[in-house]
Amino acid sequence: MDVVAPDEPTGADLGRATSPQVGAATVPDGHHPGPLLIPLGALEQHGPHLPLSSDSTIAAAVCARVAERLRSTGRPALVAPVLGYGASGEHEGFPGTVSIGTEALQQVVLELVRSARRWCRQVVLVTGHGGNAEALTTAVTRLRHEGHDVVWTSCAEPGWDAHAGHAETSMMQALRPDQVGAPPFVPGAREPVADLLPRLRSGGVAAVSPSGVLGDPRQATPADGRAHLEQLAGRIAAQLEHDLSDSRGCLVRPHRVPS
């Protein structure tokens, strides 16, 4: 059974709502007034110490926190169940990874948003896995050309390590401590991802890090994880509040993010 941290918000859980409950909140034009946050994750290796579902867990937790912030300002946000499979081809050198690929993910996002937009005003896609970005960029650009109000963003921040390092390990310690392996943790490749890209593209993560880790999780703490989660929630809520997105629908960083 999953253990939920005591301070983890639940948000407004679409999966637990009934259709009449959602319908009762719609305004005269037939749309729910708040955004629908859809977390996207992956099922992929996260080194020897984190579970395969780490990206999904983090994305869902971030969406719940964003929803809480939006609802506190009068915007009745909803959080959909997480989409737990993504484009994880770069991790397929490790057992347990299951990837649906960029093309399939793109089509899933197209259909998800088209369907949800029949009753919700805005869809916000939040990915916990960086490898989903190509599918999201393509799908959201097309959806916006079709007239849909949809934006997307990721659970990454400048300066954080890339995969199963300090940032992700800290957040998982805060969210699912029972699913995190015991220290000492194993560091992996610590070069900037941009420097690793040629080898990543040709041989996947296994070619640059036998452990599957891109970063250094050895100093990770639950306190850092809670701070990272609140940083992400504050940034995304501010972007949505101020409608900060580019022409492709990617949320862009405000000059100052409220804490």
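Buried means under 20% relative accessible area, exposed means over 50%, and partly exposed lies in between. The model used in these exercises is predicted.

**Exercise 1. Classify the side chains of the Asp246 salt bridge.**

Step 1. Find the pair. Asp246 forms a salt bridge with Arg248, and the closest N and O atoms are 3.0 Å apart.
Step 2. Take Arg248. Its relative accessible area is 35%, so Arg248 is partly exposed.
Step 3. Take Asp246. Its relative accessibility is 21%, so Asp246 also counts as partly exposed.
Step 4. Look for a network. Salt bridges that share partners join Glu111, Arg114, Arg142 and Glu146 into one network.

**Exercise 2. Determine which parts of the chain the Arg253 salt bridge ties together.**

Step 1. Get the distance. The side chains of Arg253 and Glu157 meet at 3.1 Å, N to O.
Step 2. Arg253 lies in the segment after helix H7 (222–241), and Glu157 lies in the loop between strand E4 (150–154) and helix H5 (166–175), so the pair ties together parts 96 residues apart in sequence.
Step 3. Arg253 is partly exposed at 42% relative accessible area. Glu157 is buried at 8%.

**Exercise 3. Describe the setting of Glu44.**

Step 1. Locate the residue. Glu44 sits in the loop between strand E1 (32–40) and helix H2 (54–72).
Step 2. Look for a charge partner. Glu44 is buried yet has no salt bridge. The nearest side chain of opposite charge is Arg201, 15 Å away.
Step 3. List contacts. Beyond its neighbours within four places in sequence, Glu44 is in contact with residues including His91, His129 and His163. Asp55 and Ser88 are also among them.

**Exercise 4. Compare the overall size with a compact globule.**

Step 1. With 259 residues, a compact globule would have a radius of gyration near 18 Å.
Step 2. Compare. The protein has 18 Å, which agrees.
Step 3. The C-alpha trace spans about 55 × 40 × 40 Å along its principal axes.
Step 4. Buried residues make up 49% of the 259 residues.

Technical notes. Residues numbered from 1 in each chain as written. Predicted model: local features only at pLDDT ≥ 70, side-chain atom pairs only at ≥ 80, totals over all residues. Heavy atoms only, no water. Rg over C-alpha atoms; globule rule 2.2 N^0.38 Å. Buried < 20%, exposed > 50% of the residue type's maximum accessible area, 1.4 Å probe, protein only. Helix = DSSP H or I, 4+ residues; strand = E, 2+ residues; numbered from the N terminus. Lys, Arg positive; Asp, Glu negative; His and termini not counted. Salt bridge = Lys/Arg side-chain N within 4 Å of Asp/Glu carboxyl O. Contact = heavy atoms within 4.5 Å.
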